[in-house]
Amino acid sequence: MTEADVGGSEVWVLGATGRSGRAIAARVAERGHAVVLVGRDAARLDDAAAGIGDGTGGVRSVVAGDVEAMAAQVRAQRPGVVVHTVGPFATTAVPIARACLAAGSHYLDLANDVVSAGGVLHLDAEAVAAGVTLVTGAGFGVVAAEAAVVALCRDRPAPASVRTDTVPSLATDGGVVGEALAASLVDGLPEGGRRYRGGRLVRTRIGADGAEVTLPDGERVTTVGAPFGDLVAAWRASGAPDVVAATSELPSSPLARAALPVAGAVLAVGPLRRLARQRFAQVALPARERPREHSWARAVAREPDGTEREQWLRLGDASAFTSTAAAAVAHRLAAGTAPPGADTPVAALGLDLVTEAGGELVPG
């Protein structure tokens, strides 16, 4: 048996020493898959492997110093499925997805921005030709928002407009922000906001489209528009010409919303952006409990006559949902149950993916 034959039965997790990578690798191993942990540091990979219970195929590691080296290893060893967790996805997603196309490997990522989502989805024809499935946005934001829209809009004509609101609740263990998350957040600010208007993706002020949302349990939160992958998934799922995706993750006070565009303009300067990434990566995050019992996603569709319909999705810890959902996507890709092409998670694999990952649809 060749190294490529062995690789074809494995699920690779790129960035396996990070929070998301470790959690996803553990969930994939629990499903009985042979797991390969891929990262830059051999000692940290060994530590991560020690914390993962063996699946039927065991756990091994591959050391790769950067995304280019990871892509080279994918092309050489041709794993069955690649789970990509290394940000910033705007620059890393397409190179890894293209390596998967060359290797004949299925692919999923945790990207949640319009740039990386668009880049991966643009590879649809190449994925079909290669017989490969590429899934972008296999984490809380995209999966939850897309599920709410699909449940609301299926078997109906396209509405005039759609809005999604995601309200994550998650516990944190503490530690520093880290390079990947810092790069994703800092690099996203200069791009500004996005929304669909008349079927076209247009630029808006980041933090626009603010709204006070009353959750099904009665709590009120404020959400603001963000250029997240939720937006692309909601537009594709609904067929609506006008779409807004909003979240409670961004600062929503009037002062903060006014400051976001200014911060984006400052961070557009390359040296300042690099310095901000370095400083932010070292910021210590305190451990904290979940701020609320449930995480939520809401979709609201406005019909041409002005009537509105609403759909909610309820789940637990948003971070735990991400790892469970990503592992479920990897499991289904390994089983070959998804059609070839590039798509978002629910469109590729069906609405039952969300209930499998612990989500519950709640009527509006």
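The side chains of Arg195 and Asp209 meet in a salt bridge, with N and O 3.3 Å apart. Arg195 lies in strand 9 and Asp209 in the loop between strand 10 and strand 11, so the pair ties together parts that are 14 residues apart in sequence. Arg195 counts as buried at 16% relative accessibility, while Asp209 counts as partly exposed at 24%. The model is predicted.

**Other salt bridges**

- The whole structure holds 17 salt bridges.
- Side chains of opposite charge can pair when their charged atoms come close.
- Arg298 forms a salt bridge with Asp165, with the closest N and O atoms 2.9 Å apart.
- Arg298 sits in strand 15 and Asp165 in strand 7, so this pair joins parts that are 133 residues apart in sequence.
- Arg298 is buried at 13%, and Asp165 is buried at 1%.
- Arg27 forms a salt bridge with Glu30, at 2.7 Å between the closest N and O atoms.
- Arg27 and Glu30 are about one helical turn apart, because they are three residues apart in helix 2.
- Arg27 is partly exposed at 27%; Glu30 is exposed at 56%.
- Arg31, Arg332, Asp352 and Glu356 are linked in a salt-bridge network.

- Seven strands form an open, parallel sheet in the order 3-2-1-4-5-6-17.
- Strand 3 and strand 17 are the edge strands, each pairing on one side only.
- Five bridges join strand 2 to strand 3.
- Gly39 has Val63 in strand 3 as its bridge partner.
- Helix 4 lies across strands 1, 2, 3 and 4, at about 175° to strand 1.

**Thr344**

- Thr344 is in the loop between strand 17 and helix 14.
- Thr344 is buried, with a relative accessible area of 2%.
- Its contacts include Leu121, Val135 and Ala233.

Terms used: Residues numbered from 1 in each chain as written. Predicted model: local features only at pLDDT ≥ 70, side-chain atom pairs only at ≥ 80, totals over all residues. Heavy atoms only, no water. Pairing = 2+ DSSP bridges. Helix = DSSP H or I, 4+ residues; strand = E, 2+ residues; numbered from the N terminus. Contact = heavy atoms within 4.5 Å. Axes fitted to C-alpha atoms, helices over the stretch in contact; angles between N-to-C directions. Buried < 20%, exposed > 50% of the residue type's maximum accessible area, 1.4 Å probe, protein only. Salt bridge = Lys/Arg side-chain N within 4 Å of Asp/Glu carboxyl O. Lists of a residue's contacts leave out its neighbours within four places in sequence.
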